[in-house]
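Please examine the sequence and the model before reading the solutions.

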Amino acid sequence: MFKTKRFGMFIHWGLYAFSGLHEQEMYRYGVASKDYEKYVNLFNPTDYNPKEWVSLAKNCGFDYITFTTKHHDGFCMWDSKFTDYKITNTPYGKDVLKMLSEECEKHGIGLSLYYSVPDWHHPNYPNNIGHHEISERRESDRPDEKLYIEYVRNQITELLTGYGKIQSFFWDIPPKTRDKSLNELIRKLQPGIYINNRGYDEGDFSTPERTSADGAVFEGLTEACDSIGEQSWGYRKNEDYHSMLYLTSAIDRYMAMGANYVLNVGPDEKGRIPEVSEKILVRVGDWYKKVKEALFATPVKYEAIAKKGILTTQSENALYLHFQGGLASNGFCLEGFKEMPKYALVLNNGQKLNCVFEKMPMLYGGQGTSLADVLHINGIDADGLSSQAVVIKLEFENIESAVDTEFVSDNIRIL
């Protein structure tokens, strides 16, 4: 997964899509359980077409889909035998996860499953073991952590035995309780699966969410996540959508540092991915496919380049320069190079750039100090690329002889 399948489509979809407020409607808006649970009798996503979702994912370059099987509201998007609070008890009546898993398998898209530890519906959930918990107490509640964990155990057994090959398991909201037996069960049921760090033990990979990353390379397995919506992960009416520059810069930064990345979208109450959301995914996918070779290359740190805020990846004799946040001008200078690249190419648009060794006045060494020749690359359509992260490929005859050894601060790291 972390070598060949690195770009995922996160899908937050559940009962909360009906109102279009937020996936944590009960928590954020103070909606009572009795009012929220009425949606079960109304939720009827008749336009749900998993073939369209999978086709969109494939066309955008996504390698896998991470699907929310149960969010904090406790509503299950599969036909679980251990609760009546599920999609098959709505007017729609079908197992949407089963339909999605079959389409993913048919078209070679990996499937990962999201499962929330907090459960605002289940009577045995202790409601005091982590974050994202509601203060409401119902007469029917019988908090019992032991019984609740048994419920979780039964449900993950269903999910990992009835829906084909599952490549990763995404717990959400780490509880205070530690119980390694749950992840042990997951690995027994799905050998080779990856498990994140938000469950009952530390798991296999970290999951930074809606954050920026510092450094040059991740030491451990990492899968970053963000949503195209600024306010919500699930479908939200009148949503504020992130810009292309924001999204491509975040994806580029994390993947250039060796992480996987999952980008989220929230289908509406009818099961449709909103048109505005689809257009954003298509634009991001178009960018991604053009720069993909640089994102899958190996992170390597060039000290003088890193000081400019530019990340670098490398594949054989190709060096990739990653500019997040746009370009300040149509050119840049690189110190530490002894040989000219065979060519410099903007992956975003295929533009070939001018390359020359020359003295640059803004890189003077002080009064009376001679200017040194640096590699000057220019001619970039900076304004035309202002809405996306820019990736430039430098292809050398032999990159080892082209670069001063002292210029590289760290050895190339194979992830």
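Predicted model: local features only at pLDDT ≥ 70, side-chain atom pairs only at ≥ 80, totals over all residues.

Residues are numbered from 1 along each chain as its sequence is written, and side-chain values use heavy atoms, with hydrogens and water left out.

**Exercise 1.** Describe the span, start and buried residues of helix H5.

*Solution.* Step 1: helices (H or I, at least four residues) and strands (E, at least two) are DSSP runs, numbered from the N terminus. H5 comprises 15 residues, 145–159, and reaches 21 Å from first C-alpha to last, close to the expected 21 Å (1.5 Å times one less than the number of residues).

Step 1: at the start of H5, a side-chain oxygen of Asp-144 comes within 3.1 Å of the backbone nitrogen of Lys-146.

Step 2: the buried residues (under 20% relative accessible area, 1.4 Å probe, protein chains only) are Tyr-148, Ile-149, Tyr-151, Val-152, Gln-155, Ile-156, Glu-158 and Leu-159. Their cover includes strands E2 (64–70), E3 (110–116) and E4 (168–172), together with helices H4 (96–107) and H6 (180–189).

**Exercise 2.** Determine how H5 packs against H6, and H3 against H4.

*Solution.* Step 1: axes are lines fitted to C-alpha atoms over the stretch in contact, and angles run from 0 to 180 degrees between N-to-C directions. For H5 and H6 the angle is about 15° and the axes are 10 Å apart. H5 is therefore roughly parallel to H6 (angles under 35 degrees). The contact (heavy atoms within 4.5 Å) involves Ile-149, Arg-153, Ile-156 and Thr-157 of H5 with Ser-181, Leu-182, Leu-185, Ile-186 and Leu-189 of H6.

Step 1: H3 (residues 50–59) and H4 pack at about 40°, with axes 9 Å apart.

**Exercise 3.** Is Ser-33 buried or exposed, and what does Ser-33 touch?

*Solution.* Step 1: Ser-33 lies in helix H2 (residues 33–36). With a relative accessible area of 2%, Ser-33 is buried, not exposed (over 50%).

Step 1: leaving aside residues up to four places away in sequence, Ser-33 touches Met-26, Trp-120, Glu-136 and Arg-138.

Step 2: the side chains of Ser-33 and Glu-136 are joined by a polar contact of 2.8 Å (a pair of N or O atoms within 3.5 Å, one able to donate a hydrogen and the other to accept it; residues adjacent in sequence count only if both atoms are side-chain atoms).

Notes. Parallel < 35°, antiparallel > 145°, perpendicular 65-115°, else oblique.
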